[in-house]
Amino acid sequence: MKHFSRRSFLQRVGEGAATGLLLPALSGLAQAAPSERVRHAVIGAGSQGRRHAQVFASLSDCEVVAVCDVDPERRAALASKLPNGDKVLQSEDFRRLLEDKTIDSVSVATPDHWHTPIALAALQAGKHVYVEKPCSHNIHEAKVLVEAAAKSGKCVQHGTQARSADSLKQAIAFMRDGNLGKVRMAKAINHQLREPIGRQPESDPPPGVNYDMWLGPAPVHRFTKNRWHYNWHWFWDYGCGDMGNDGIHQVDQARWGLGVGLPNAISASGGQLFYDDDHETPDTQVVTFEYEHCYLLYEMRLWTDYPLEGHDNGVVFYGDKGKLEIGRNGCDVTLIGGEKTHLGPYADIKDHMRNFLDCLKANDPSKLNAPVGEAAASAVLCHLGNIATRVGRRLHFDPEKWECIGDPDAAKLFTREYRPGYELPALG
Ligand SMILES: NC(=O)c1ccc[n+]([C@@H]2O[C@H](COP(=O)([O-])OP(=O)(O)OC[C@H]3O[C@@H](n4cnc5c(N)ncnc54)[C@H](O)[C@@H]3O)[C@@H](O)[C@H]2O)c1
């Protein structure tokens, strides 16, 4: 297997930017209508990448033709489960897949710190992108991704699959029609039991793993089992805590229902009341996003089980005539003095992938259920909630410029220092 050095990573992206060879408008593929059968590649072969591969492969007009992971065991295991597994292109390097002009689209199901860098490179190579949530690891990346998607004209679907649920669409239309009266508050609730992760010593990465590529733009840190598969979520270098992990689903639905974009101010508190282990991110968090006409609240408890609020993880919209509750069991409407009405069921990720393929085949991002602008707004809310929690004070935010007002410490966390060789590709 060929290992690309960090230096060559930079050079290759740089060469592409300089010659325009990677620009979608100039690539032959961007002009050509995708074949009837979409040729899709999955980047990241963890549990979510496996889910992507399985569902995309189950759709009759899609074929999963390539799998990428820096962990050879996961890569081979996933490829072997696919129809025509022996013919599936396998690589540890996503650029190998992006070079393949027969590939129409990619899933980005890596850790969060790789979402935007890979999505940008994929757009530059003329691919449509299904990027897992959160679409970015910081606010700067979200902005760059929106710009790149607009320039490319390609479809970018976000892994907030509840946006494809008919029951949610109906419930939100019902609320928007004024049936709950004036809705001035939504509460996004994320509570679940996430067991402590203990403490893990530094060690060598498993044999054959390209750990440098796993780290990518993040600073070099010796391998530990906790900074690796799945538990990376709980380290700021790679993840966004549970607010950017599971909480983004509820934040996105709350924002969608309220019909709001970016807030004017954010206040937050959060900490570890439960964990005493390697976790860096909070187990308890409360955030308020202030808009002109409403508030969006986020509450997170990682030390209790789902049914505590009488519904699953979800969102409650409070109007002056009633409330709407959205949970993973569906939606319930209760008008003051009335019975509870149940609308269901909840989202099936297959519907979201179907929507992506339909848009991709029509080359029409305007019909995506979770387009990049919505993706970026919800990711930015999660980043703002985390930043306000980390600096420990109320933030003032300019929603037009996506800038923090008068707080240089907070502004520093709007981006990151990219490890030399892993800077974001320049927009052509
Ligand atoms: N939409 C949803 O409901 C949902 C559910 C679960 C997970 N997710 C998202 O999916 C993503 C993956 O989650 P997971 O639980 O599978 O994590 P995971 O850590 O188990 O898997 C990620 C995989 O990506 C690989 N990887 C890391 N860097 C890579 C690179 N540069 N190139 C190729 N492969 C690389 C890792 O080796 C690993 O196998 C996360 O962003 C998570 O938030 C979304």
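This briefing describes helices, a pocket, loops and individual residues in one structure.

The model is predicted, and for that reason local features need pLDDT of at least 70 and side-chain atom pairs count only at pLDDT 80 or more, while totals for chains, interfaces and linings use all residues. Residues are numbered from 1 along each chain as its sequence is written, and side-chain values use heavy atoms, with hydrogens and water left out. Helices (H or I, at least four residues) and strands (E, at least two) are DSSP runs, numbered from the N terminus.

**Two packed helices**

- Two packed helices are described by the angle between their axes and the distance between the axes.
- Helix α11, residues 247-258, packs against helix α13, residues 372-391, at an angle of about 120 degrees, and their axes are 9 Å apart; here axes are lines fitted to C-alpha atoms, for helices over the stretch in contact, and angles run from 0 to 180 degrees between N-to-C directions.
- The crossing of α11 and α13 is right-handed, a term for a near helix turned clockwise from the far one by less than a right angle, with anticlockwise giving left-handed.
- On the α11 side, I248, V251, D252 and R255 meet E374, A377, S378, A379, L381 and C382 of α13, where contact means heavy atoms within 4.5 Å.
- The residues of this contact between α11 and α13 divide into six nonpolar, one polar and three charged; Ala, Val, Leu, Ile, Met, Phe, Trp, Tyr, Cys and Pro count as nonpolar, Asp, Glu, Lys and Arg as charged, and the others, Gly among them, as polar.

**A covered helix**

- Helix α6, residues 115-124, is mostly covered, with 10 of its 10 residues buried; buried means under 20% relative accessible area, exposed over 50%, and partly exposed in between, for a 1.4 Å probe and protein chains only.
- The buried residues of α6 include H115, P117, L120 and Q124.
- Just after α6, G126 takes a positive phi of about 85 degrees.

**The largest pocket**

- The largest pocket has a volume of about 910 Å³; a pocket is an open set of points on a 1 Å grid over the protein atoms alone, where a 1.4 Å probe fits and with protein on both sides within 12 Å along at least five of seven lines, and lining residues have an atom within 4 Å of a point.
- Grid points are joined across faces, edges and corners, and the volume is the space filled by probe spheres set on the points.
- Of the 43 residues that line the largest pocket, S47, Q48, Y230, W232 and H233 are the closest to its centre.
- At least two lining residues come from each of α3 (47-58), α6, α9 (211-215) and α11, and α3 gives the most, with four residues.
- The lining of the largest pocket divides into 18 nonpolar, 15 polar and 10 charged residues.

**The loop between β7 and α9**

- L193 is placed in the loop between β7 (183-191) and α9, and it counts as partly exposed because its relative accessibility is 41%.
- The C-alpha atoms of L193 and D305 are separated by 5.1 Å although these residues are 112 residues apart along the chain, and L193 touches F274, L302, W303, T304 and D305, not counting residues up to four places away in sequence.
- E195 also has its place in the loop between β7 and α9, and at 54% relative accessibility E195 counts as exposed.
- Q200 lies in the loop between β7 and α9, counts as partly exposed at 33% relative accessibility, and, leaving aside its neighbours within four places in sequence, is in contact with T224, K225, N226 and D278.

**Backbone features in other loops**

- A cis peptide bond, with omega of about -10 degrees, joins K133 and P134, and P134 is found in the loop between β5 (128-131) and α7 (139-152).
- N363 has a positive phi of about 50 degrees although it is not a glycine; N363 is placed in the loop between α12 (349-362) and α13.
- W402, which is not a glycine either, has a positive phi of about 60 degrees, lies in the loop between β15 (395-398) and β16 (403-405), and counts as buried because its relative accessibility is 17%.

**A buried strand residue**

- E290 is found in strand β9, residues 284-290, and counts as buried at 16% relative accessibility.
- Leaving aside its neighbours within four places in sequence, E290 is in contact with P263, N264, A265, S267, Y295 and R394.
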